[in-house]
Structure formats: C-alpha cells, structure tokens
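Keep the picture beside you as you read.

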Amino acid sequence: MRWTEALIPTLKEDPQDAEVISHKLMIRGGFIRKLFSGAYSYLPLGFRVLTKIEAIMREELNKKCAQEVLLPAIHPPEIWKRTNRYDLMGPVLIKFRDRHGKECVLGPTHEEIITDLVANNVNSYKDLPLILYQIQTKFRDEPRPRFGVMRTSEFIMKDAYSFDCDTEGMEKSYKKMYDAYCTIFERCGLPYIPVEADPGVMGGNISHEFMVPSEAGEDRIVLCEKCKYAASTQVAKCREEPKSKAQGAKEKKLPIAEVETPGITTIEKVSDLLKVGPERLVKTLIYKADDKVIALLVRGDFEANEVKLKNYLKCANLELADEKTIQEATGAPVGFSGPVKLKNVRIVADNSVKDLVNFVAGANKKDAHLINVNIDRDFETKEFGDFRVMTETDGCPVCGKPIKITTAIEIGHTFKLGTKYSEALGAKFLDKDGATKTIVMGCYGIGVNRIMASLIETSNDKDGIIWPLSIAPYSVVISALNIDDNKVKEVSEAAYKTCLKAGYDCLYDDRNESAGVKFKDADLIGIPVKIIVGSKNAKKDIVEIKDRKTAKVEQVALQDLKTHLANLIK
C-alpha cells in the first residue's frame, strides 16, 4: 500500500478526552475515530490489526476442531426470559420494539441463542462432543464508556461454546479451549496471566480470566511469586486470622457506651475523632439481596467483597440499600448503622470481625456511635465467612507467603457452565442406552478490541506503538526520504516490489513530506521493520533497515534485501 493512497490521518497532539495510552495512540495513529461515546469506527490500520487477531483466533480454534458459525445479533426476549437473564442483565440489555410493536433484544452475549440452536439440531450422543464459535459484534448499554475501545457499548467478541455428554467430556473441552487461549495470547504478543475468577451472570461454578497486568486495567488480581497462585480479588480467599492475633483478642470486655459523633459518617473521620485505628471499627453495610435486607459487618480497614457475599447468599441481585431502606431498617440515616439492637435484619459478618473485642460501631441513631461493642454480649450473629477483599497484608491462601495485588485488563474469560443453559432451553440427547441426558456446556470469550488496546498499553514508548509482527497492520514500512530524488524513488520502488513479491505486508511512504514527519509517523503507528532510503545510500543501491523495537540499524545492499528481511520476518 502506498501511503499517498491510504487513509492514515495521524495527529500530533493527544485527544483531550483520552485517558489511557492506548486510546491516545489509537486516535493519534489513525487507527480509530469516535462516532459517539462508546462507539468507534475502525480505520484501515485498525481494521488490519483486528483481522490479523481474528485470523490467529481462527487458526488456533480450528486446530482444536472448533467450527465457526454466525448467530443473529437481534434476539427475541422470550429466550432470555427462559434463563432468567432478561431481568438479571438489568439495564445492560438493550431492548427496542420494531414497527409491529414486537420487543427485540440486541445480544451482549449468545449463550441462549447457541444453546437453542444445539437443542433443536443435536439429538444423540453420536453428535457430541461439539465446539462452536463465532466472531461477532455485541451490544450493551454501557453506563460509563471509557478508555477508548476497552469499555464500549459496541464491541467485537470471539465467543465459543462446548457441548459434551458429561462433566468428564466438558473438562476435556475446557482444557482444549484453555490451551488454545494461551496460544492465541502468546501469538498476539501479550504478557497474559490466567487467574481464578467469578462466573457472575454467566453462571457455572468455575471460571478463569485471562488478564494483562496494566495500570490502565479496571480489575485487580492477586499474585503469589512463591507458588504462582493467581486469582481475581473478587474470589481470592482471605486466610482467617488466628484468634491469638486478632485485634484486642486478650482485652477485658469494657462496658458499652454511646458517644456523640455529629455529622461524622466515614471510617476515617470516626477513627480520627475517637482516636482509634480503623482496625478497631466495624462497618455495618446495609444491602438489598433480592427483596430482603441484609447487614454485612466488615472491619473498618477492609473493603467489603460483594461478589463473595452474593455467592454466599445465593441471591440474583445484590446492591447497597438506598437511604430510605437504611432509615427504615436501622432508624438512622446513612453513616450511623450498627449491629446492636438491629431488628428484623439478617446479620452476616466477615471473619475479620469474629474475634474483635471492644470495637466501635454505629449506634443506629443520628450523630452517634457505640464504643466497646462486643459480639454475643451486645448482639448475636452466627453467620461468619470470608466477605472481604484481600489486601497485600494477607498471606497467599495456598502457601501463606506474601502476595502482590496489581491492576489488569481482562482480555478473555472461560466458564464451566454445566447444565445451566441446557436445562433451561431443553438441550438434551439420547445416550448409548437410549436414556435422555442433559448436555454439559462450557463457554469461552475473548474481547478482540481489548487485545488490540492491551497490546498497545504494554508495548509502547515515547514515540508511539511497538507492534509485534504477528498483529502489526504492516510488517514493513519504506520511508523514501526525498521522493523527488529520482534515485531515491528508483531504489524505494525496487524495495517495495521486493517486499510485495516476497509476500510481506508493506506500507510505502511515498509522500512528499520531510524526513522528520515520515520518521515520526512511522514510529507512531509502530510498524516493526523500517526500510529507510536516503539520497546518499541510494546512489550506492544501499538501504537502512531499522528495528522498531530495538532501534538497531543496519545497512543492506538492495540486492540482499530479500534475504535480510527473511531473517527478520520469520
């Protein structure tokens, strides 16, 4: 492709609304343009990267005997209601009515659709196992689109689904897909880490997220360098502190007392006022679990883990209660809730609270807290568990050694769905004995756009993107430094023909621009191999080859260019 014939609208300055480096560089490099919040157009460079990522996915999935399909983006709501996800998805599910008044849904995912397809076309154990996948645009009413293409309302997803006769078969399919994912991410040049994760609304009991450590990530993961334990903070298990080490475990219980805390509603402010550390305070968080009110007790220096709590309660919806509900449940406004004399509310407590002595809690009264609160004497709860987010002061749940918590970008997720969808949608088969059995499923998703953004987040420098050869929009860029010089043009054209004949993706910068502009643009868009043709070397039929990643420069005779490129581009 000649640059003069290409659409590559590079920019010198970062866009004002871009927060992360991938968003900035994708805009500046002419890879994407925003249509409106949450929706982006992919320009030729961006589309070339996407197609290369998709090609890698297809190659690796096809090796695992997965078959590609294409499913509708518009769904009938009835199929979502059969799995109860019509309500569970909440406002994320985009709904509209057609000209006939019939309600339709835009698919954010396709478990229901693929299961219905299999339910109507697979009848025997002879048809199983089966793995189907698609690469398609998904839609969600994203409440807060951000970070460019990383969190959008319209996105490209590779979703695969496995169908097996039994759990043993599903485990084999899961392993196939897990291995394929590892190969895909390695080929894309991503420093990924598989971690234990929460299945969420997808269902099932076991899942893994594939994460790329990055400051631009919205997720947090726990890593142990000793035993290589890795998990999302949503599911990472906190080790229960021995009673002998618990805060105040050896103290004598003091009389409970009420203290005035006018307008003081946060842990930090209460701690400062009463001159006690946050580890001696207990937060009482009021939740709505479906239609029931729940109080969760967590030590003041810890963060509540709503995923763990929701899984424990086995509720469909969990959210912090509104001000009205809190007032009705506790008799006090937000910020003064406590467990003492809390009536008709189920109390669940984190293990960090179990052995606390003489702690501080809300008084269920405006502008008041209680000091010297003690479990059993002042209130009762028999429900203790791990309901907090792990911190770096915790030990690894497997080996007990120190852990590290870092932010990361989720690029893929695998789920062991079991029979959640096949039961609801009637996906059954006849086994060898003629008995009717339910198909066991797995589900496997990759965010195609996120691979592109994640690579940029982890592979860039002050000048721009550094693409790996595998997914770069072009493998080679030829920079003709003075296109008006006939010899420069002659050598550049010859180099261009050599690249095309050898089968390399090549971008030929034949613009009448300065060397500085050409160098900056080439570095910005991140093409791995740069061929530089200048007037002095052109007279000797010599070109310079520069590696974008290492910045190593070599002079090569034009006649040896093909051989030299073959060694660079393997």
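**From outline to core**

The chain holds 15 helices and 31 strands. Both are DSSP runs, numbered from the N terminus: helices are H or I with at least four residues, strands are E with at least two. This is a predicted model, where local features need pLDDT of at least 70, side-chain atom pairs count only at pLDDT 80 or more, and totals for chains, interfaces and linings use all residues. Residues are numbered from 1 along each chain as its sequence is written, and side-chain values use heavy atoms, with hydrogens and water left out.

Start with the extent. Along its principal axes, the C-alpha trace spans about 95 × 70 × 55 Å. Of the 570 residues, 53% are buried. Buried means under 20% relative accessible area, with a 1.4 Å probe and protein chains only.

Now go inside. Nonpolar side chains tend to be buried together in soluble globular proteins. A nonpolar core is a set of buried Ala, Val, Leu, Ile, Met, Phe, Trp, Tyr and Cys residues joined through side-chain atoms within 4.5 Å. The largest one here has 61 residues. Phe31, Ile53, Phe185 and Trp467 have the most contacts inside it (contact: heavy atoms within 4.5 Å). Helix α6, residues 167–187, gives this core its largest share, eight residues. A second, separate core has 27 residues, including Trp80, Met89, Ile113 and Met441.

Which residues of α5 are buried? They are Glu111, Glu112, Ile113, Ile114, Thr115, Val118 and Ala119. That is seven of the nine residues in helix α5 (residues 111–119), so this helix is largely enclosed by the rest of the structure.

Methods:
Buried means under 20% relative accessible area, exposed over 50%, partly exposed in between (1.4 Å probe, protein chains only).
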